[in-house]
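Work through the following exercises with the sequence and the structure open beside you. Try each task before reading its solution.

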Amino acid sequence: MSYVFDAPKQASLAVQGTDDRFPIRRIFCVGRNYEAHAREMGKDPTREAPFFFTKPADAAVDTPCTIPYPKLTENLHHEIELVIAIGKGGSDIAEDDVMDHVWGAAVGLDMTRRDLQGEAKEMGRPWDWGKAFDQSAPIGPIKPIAEVPSVEKGRIWLAVNGEVRQDADIADLIWSVREHVAILSRSMALAPGDLVMTGTPAGVGAVVTGDVITGGVEGVGELEVRIGGRA
């Protein structure tokens, strides 16, 4: 057998402290998973069933990096997130067993074309054009889970040009890592290489060409992303 053209390069991310790479299969994102962010987006932050959207695997890029200001938008927003890396597949995973399936954790950005997302919401359409564009998921090196002190508490923060905009604690997640990974696994079988971006706290906002985004999750890692010229 031969492919009709060369197979795409395997999307992957760096692993902290080694030359190893973590191969990416899929990227799942949890929507509105911090109460204050849900409120700033005009929603009621009750514990209704969590919902998910996706980004393509090759939306992920290593940090530090420079990403272009993307096409079709005049309102590019930052969203800092704890990222969970799955190392063992499974479906219908019990909450108590979730951490046995987690390979590591990282800090990432869910970059969002907010104007396109807003249009999609108004028209009842999928969010893909607002969320799933090229280089829309800059992610820091993945830290093996045995070296991560906690995915249940710890400061999560983001600054633009040194000014802090997002500052919270992952303890504020409406649905914890154990809960939302277990719920996700009831919908489809998770597999090694899947990433779960766990939601962003309040304080999201616009960035422009030349801005430098820094951020981190306590005990997990930090990142730096510069916004370049238009794509």
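**Exercise 1. Decide whether Arg 114 is buried or exposed, and find its salt-bridge partner.**

Solution. The model is a predicted one.
Step 1. The relative accessibility of Arg 114 is 10%. Buried means under 20% relative accessible area, so Arg 114 counts as buried.
Step 2. Arg 114 makes a salt bridge with Glu 79, and their closest N and O atoms are 2.7 Å apart.
Step 3. Arg 114 belongs to helix 2, while Glu 79 sits in the loop between strand 7 and strand 8, so the pair ties together parts 35 residues apart in sequence.
Step 4. Glu 79 is also buried, at 4% relative accessibility.

**Exercise 2. Follow the salt bridges of Glu 79 to Lys 131, and name the network to which these residues belong.**

Solution. 
Step 1. Between Glu 79 and Lys 131 there is a salt bridge with the closest N and O atoms 3.3 Å apart.
Step 2. This pair links distant parts of the chain: Glu 79 is in the loop between strand 7 and strand 8, and Lys 131 is in helix 3, 52 residues apart.
Step 3. Lys 131 counts as buried, with a relative accessibility of 3%.
Step 4. A network of salt bridges links Lys 55, Glu 79, Asp 110, Arg 114 and Lys 131.
Step 5. The structure holds 10 salt bridges. One of them joins the side chains of Arg 230 and Glu 74, at 2.9 Å from N to O. Arg 230 is in strand 18 and Glu 74 in the loop between strand 6 and strand 7, 156 residues apart.
Step 6. Arg 230 is partly exposed at 49% relative accessibility, and Glu 74 is exposed at 62%.

**Exercise 3. Work out where the buried residues of helix 2 lie around its axis.**

Solution. 
Step 1. Helix 2 spans residues 114-123, and its buried residues include Arg 114, Leu 116, Gln 117 and Ala 120.
Step 2. An α-helix has 3.6 residues a turn, so residues three or four places apart point the same way.
Step 3. Viewed down the axis of helix 2, the buried residues fall within an arc of 160 degrees, so they line one face of the helix.
Step 4. The face turned away from the buried side of helix 2 carries the exposed residues Glu 122 and Met 123.
Step 5. Among the elements covering the buried residues of helix 2 are strand 7 (76-78), strand 10 (112-113) and helix 3 (128-131).
Step 6. Just after helix 2 comes Gly 124, with a positive phi of about 65 degrees.

**Exercise 4. Describe the two faces of strand 8 and list its partner strands.**

Solution. 
Step 1. Strand 8 covers residues 80-86, and seven of its seven residues are buried.
Step 2. In a regular strand the side chains alternate between the two faces of the sheet.
Step 3. On one side of strand 8 are Ile 80, Leu 82, Ile 84 and Ile 86, and on the other are Glu 81, Val 83 and Ala 85; both faces are covered.
Step 4. Strand 8 pairs with strand 9 (residues 102-109) in the antiparallel sense over seven bridges. Ala 85 stands opposite Gly 104 there.
Step 5. Three bridges join strand 8 to strand 15 (residues 195-197), again in the antiparallel sense. Here Val 83 stands opposite Met 197.

Technical notes. Residues are numbered from 1 along each chain as its sequence is written. This is a predicted model: local features need pLDDT of at least 70, side-chain atom pairs count only at pLDDT 80 or more; totals for chains, interfaces and linings use all residues. Side-chain values use heavy atoms; hydrogens and water are left out. Buried means under 20% relative accessible area, exposed over 50%, partly exposed in between (1.4 Å probe, protein chains only). Helices (H or I, at least four residues) and strands (E, at least two) are DSSP runs, numbered from the N terminus. Two strands pair if DSSP finds at least two bridges between them. The arc is that of the directions from the helix axis to the C-beta atoms. Contact means heavy atoms within 4.5 Å. A salt bridge is a side-chain nitrogen of Lys or Arg within 4 Å of a carboxyl oxygen of Asp or Glu.
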